[in-house]
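Hi,

Here is the structure I promised to pass on. Have a look, and my notes follow below.

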Amino acid sequence: MSETYDVPPRVRAGSRSPIQSLADWRAAWLAARDDPDATWLRETTSRLAWQKAPSRGLEGSFHDIAEAPIRWFSDGELNITESCLDRHLATRGDKIAIPWEGDEPGAGGQLSYRELHQEVCRAAGALRAMGVQKGERVIIYMGMVPEAAIAMLACARLGAVHSVVFGGFSAEALRDRVRDCDASVVITQDQGVRGGRPIPLKATCDEALEGERGVTAVLVFQRTGADVGWVDGRDVWWHDCVPTAEPVTEAVVCAAEDPLFILYTSGSTGRPKGVVHTCGGYLTWASYTHEVVFDLREDDVYACVADVGWITGHTYIVYGPLCNGATTLMFESTPLYPDAGRYWDLVARHRVSIFYTAPTAIRALAAQGDDFVTRYDLSSLRVLGTVGEPINPDAWRWYREVVGAGRCTIVDTWWQTETGGIAITPIAPATPVRPGSATLPNPAIVPVLMDDQGRPIVGPGEGRLCLAQPWPGMARTVWGDHPRYVSTYFSTFPGFYFTGDGCRRDGDGYHWITGRVDDVLNVSGHRMGTAEFEAVLVGVDSIAEAAVVGFPHALKGQGVYAYLVLQPDADITEPEALHAAANAACRQQIGAHARIDLVQLVPGLPKTRSGKVMRRILRKVAEGQPDQLGDVSTLADPSVVASIVAGARSLS
Ligand code: WTA
């Protein structure tokens, strides 16, 4: 019997959630599975402010997805900012929408729903004056300031499609994204600030846009006042044009299936894909999951400390909470600045009741000792969430016992950029929890575990996690490349969406995500493709071939392990010098978060006779299990394996 924790009384008290027990969950889940149209038409019309209410539910299926993307609510019309802003004005105009905590403790400000609405209408007016029209793409390259959320909503107000690029990405990565979606406007800021250090957002943006004729305007929010480069005729200060802009009081009406945003994410192969989410289904899913999973209440102070550059920031800082009329905190700093008590100081001062972070932060903070937590009054907390990677039971217990003092429940939420919102998770007031388990699927999510032969596993077992039915918040396509969407997600197991994750299901139907089973790395919750690293590495002088795999890392979840084959005439032969050169290249071409932890020089990569690298062998060696390599007899040159095993690196 697994260690199980019932929902504490404090979490249940005062809940008005329609899902209060496992029996309620089961009834809701079965209803959504068996009658998705009725379930989601009801949810969407009660949650969103539609200009024209939809009469159609789901259209399309995973079997004919190559011909036609999935559609939800396709005859409905709306502008999603009316759901997030306008309709709250009558009842919540003075309610705080966004409390903002800047990099320095206590620095910041706040915006009420009325103020946020005004800012968004004006920012939309400024964008319109710059020529932004419905359907056009706008890149947002900013830090964690409220203006980032305002920029996203301002795009949506015009029916323009935003693509937020995480502020840690390099100029080259930014340029790739600008080009891929053919953006005409970029919104950035002079500098970001994190942990007392400036981040040169405008300078990086300038570098990315050098020679890019397609971008006609750059809107620059002033955060620090630092001197920045300026391109006359292209660059415009936010404070010069937004306050005086003609407000867009009439939001542009969109079809339910018009794109809302593109978010680039890493996969097994090739360059990052622009995952497309559409207006009606995405917002319905964001609103539903945010309210139901966390058991949101009117007076909650909700804090998700992710970055708006990732999907978690989109769905659970901006869209879900604002659609639900919640108070959603934005946090500019890091969990360790000025010390490891920062989150708990934040929780105490803002009286946060729902707190949502990543396992990597929990592990880092747990390692610093309990004093940083217990010195603060955390009695406001009720629900603690985690997302982004599997959470190890020790970190989970620390979160529950030390941060939550045993009074809060933990929601370990499994989902992906592609799922748009939380898919497998406990529901705060209803689901007894187990450390390390994401537990049960949300209504609309029908998980199936596939065995090695591609057969669904019935009952307990471990396999590859697929989802069998469309849900409203799923990504509809890859920007400009529907065939890539189909081949990435629907070709491994035809008729099913394949997540790329492994999963175990126990005798009670609880799900335990085991991590990626494809060539995607998850380092501190940052999703990166091994192929992206390899593409950079083979461009470094002295490196002829490269293969990158993940290995278990106590703090980061996964570390990055690179096997490098030198050019015959290489002038660098010291692994340390090569390691530094490799990291410099990754930083320049991907971003500051793309770092290789371990480098091993090898005489050759283990390849089959047809030239395919046998990554399984490289993974096992990196994981410290050289005795479990399996059959290596099909290798073109089995002798390379011995030298790879002999030269294996480790962190200890
Ligand atoms: C992993 C982040 C275990 C998983 C929202 C998934 C998790 C990938 C969990 C998506 C969790 C996310 N337990 N693993 N609770 N949440 N993952 O697109 O491997 O940045 O496929 O979306 O993160 O990462 P992405």
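Where does Ala444 lie? Ala444 is in the loop between strand S21 (409-413) and strand S22 (447-450), with helices (H or I, at least four residues) and strands (E, at least two) being DSSP runs numbered from the N terminus. Its phi is near 90°, a positive value in a residue other than glycine. Ala444 counts as buried, at 4% relative accessibility; buried means under 20% relative accessible area, exposed over 50% and partly exposed in between (1.4 Å probe, protein chains only).

Before you read on: this is a predicted model, where local features need pLDDT of at least 70, side-chain atom pairs count only at pLDDT 80 or more, and totals for chains, interfaces and linings use all residues. Residues are numbered from 1 along each chain as its sequence is written, and side-chain values use heavy atoms, leaving out hydrogens and water.

Asp182 also has a positive phi, of about 60°, although it is not a glycine. Asp182 sits in the loop between helix H8 (171-181) and strand S9 (185-189), and is exposed, with a relative accessible area of 53%.

Then there's a cis peptide bond from Tyr337 to Pro338, with omega near -5°. Pro338 is in the loop between strand S18 (327-331) and helix H13 (342-350).

As for the whole protein, you'll find 21 helices and 31 strands in it. Of its 652 residues, 60% count as buried. The C-alpha trace spans about 75 × 65 × 60 Å along its principal axes.

Cheers
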